[in-house]
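Dear colleague,

I am handing over the structure we spoke about, and below it I have written down what was found in it. Please keep the structure open while you read.

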Amino acid sequence: MMSDGFLSQEEIDALLRGEPVAASPSPAGSDLSDIEKDALGEIGNISMGTAATTLSVLLGRRVSITTPKVSISNLNEIKRQYPLPYLVIEVGYTHGLLGTNILAMREQDALIIADLMMGGDGSNPPSELNELYMSAVSEAMNQMMGSTATSISTIFKKKVDIAPPKVNLLDFALDPNVTSIISGDEALVRVSFRMEVEDLIDSELMQIMPLNVAKEMVENLMSAVQAAATPPPPPAAPPQPAAPTPAAPAYAQPAPPPQPQPVQNVAVQPVQFAPLKPAGMSGTDTNINLIMDVPLQITVELGRTRKLIRDILELTPGSVVELDKLAGEPVDILVNGKLIAKGEVVVIDENFGVRITDIVSPIERAHNLQ
């Protein structure tokens, strides 16, 4: 008998021996056997467990994603069962797997996650996902899907990569096209999970994928299990050393060992050293290549301020701290805490950077290093 969502040890042993496993009849219209459903549940249980850990670190809250339930459905049926706004995360595989799958989360759950990402406590989330909150929850989904790809790579014992997820807010009751990868009546695999975030979220998370993607995942899992159970070939026997060649008979007498020669008297005199003279160090005598590999800490300082202890203790999320820099004024670039340049903040591929606009003169740099 199969356990809910998992393969039993007897079923795994039977698969490895190549024996048929008794499975209950699949429902009408289903293209997945019970063994394949159990395998997909096992994959979802491991990958979403990793995603829950990643989300927990991002939110600073305990997150649990458990109890996978695998079923065959289609988009039209899902839209009828869940006529609510959903956050749809479309994930495309670029290496290791072919195809795309979808993660669907209720809008209300996404609002709470976005509020936690922005420093709130989740008890009073915004009423809608504006551009700022959408960006925050998209980053959380990106991190989650990246961690699931890593865990799937571990399960399948091969590299699996994904493209950056596409995140959209769709109303299942009103939007006719949820995704372009699956038509409305096409059979698909739905894996439902229970997602809990402490006392803030207790909801359902859905993973939707085409049948061919689901079957490819099952095949990769079975191949990895069989490879792990196959014993390695015995090591090759080390080559036997060749028999020693018999030595040829000696016809000549060996030469007698050399006799030690008597040591003759040698005159020994004390060594004479030239007197040491202090010499000034010139710039050409130094070799800067000797310290090229020494790491230095580069810090970009936006500004500073001084506060009393009572002011620090009164800080809360949303408090504004005024700095000693005016808007648009260059930021300071420090190396090991010493000022060497000034610059302006720029954004490069969604990452912050700094463009150097002014280098501190050598005299000022030498003064700062003293």
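Predicted model: local features only at pLDDT ≥ 70, side-chain atom pairs only at ≥ 80, totals over all residues.

Over residues 134-168 the chain is 66% helix and 14% strand, with 9 Å between the end C-alpha atoms.

**Helix α2**

Helix α2 has 26 residues, and from its first C-alpha to its last it reaches 36 Å, which is close to the 38 Å expected at 1.5 Å a residue. Threonine 54 has its place in this helix, which runs over residues 34-59. Is threonine 54 buried or exposed? Its relative accessible area is 19%, and because buried means under 20%, threonine 54 counts as buried. If its neighbours within four places in sequence are left aside, threonine 54 is in contact with Gln143, Met144 and Ser147. Just after α2 comes glycine 60, which takes a positive phi of about 70 degrees.

**The nonpolar cores**

The largest nonpolar core has 54 residues, and those with the most contacts inside it are Ile65, Leu87, Phe156, Val189 and Met217. Helix α5, which covers residues 131-156, gives the most to this core, namely 10 residues. Apart from this core lies another one, of 12 residues, among them Tyr82, Tyr86, Ala104 and Phe172.

**The open sheet**

Which strands form the open sheet, and in what order? There are 4 of them, in the order β8-β9-β10-β11, and their pairing is antiparallel. The edge strands, each of which pairs on one side only, are β8 (298-301) and β11 (351-359). On average, neighbouring strands of this sheet are turned by 40 degrees against each other, with direction ignored. Strand β10, residues 338-348, is joined to β11 by 8 bridges, and these two strands run antiparallel. As one example to look up, glycine 343 has isoleucine 356 in β11 as its bridge partner.

**Helix α8**

Glutamate 364 is found in helix α8, which covers residues 362-369, and at 46% relative accessibility this glutamate counts as partly exposed. Glutamate 364 and leucine 339 are 25 residues apart in sequence, while their C-alpha atoms are 8.9 Å apart in space.

**Two residues with a positive phi**

Most residues other than glycine have a negative phi, and with that in mind two residues deserve a look. Glutamate 198 has a positive phi of about 45 degrees although it is not a glycine; this residue lies in the loop between β6 (188-197) and β7 (201-210), and with a relative accessible area of 32% it is partly exposed. Asparagine 336, also not a glycine, has a positive phi of about 55 degrees. Its place is in the loop between β9 (331-335) and β10, and at 46% relative accessibility asparagine 336 counts as partly exposed.

With best wishes

Methods: Residues numbered from 1 in each chain as written. Heavy atoms only, no water. Core = buried A, V, L, I, M, F, W, Y, C linked by side-chain atoms within 4.5 Å. Buried < 20%, exposed > 50% of the residue type's maximum accessible area, 1.4 Å probe, protein only. Pairing = 2+ DSSP bridges. Axes fitted to C-alpha atoms, helices over the stretch in contact; angles between N-to-C directions. Contact = heavy atoms within 4.5 Å. Expected span 1.5 Å × (residues − 1).
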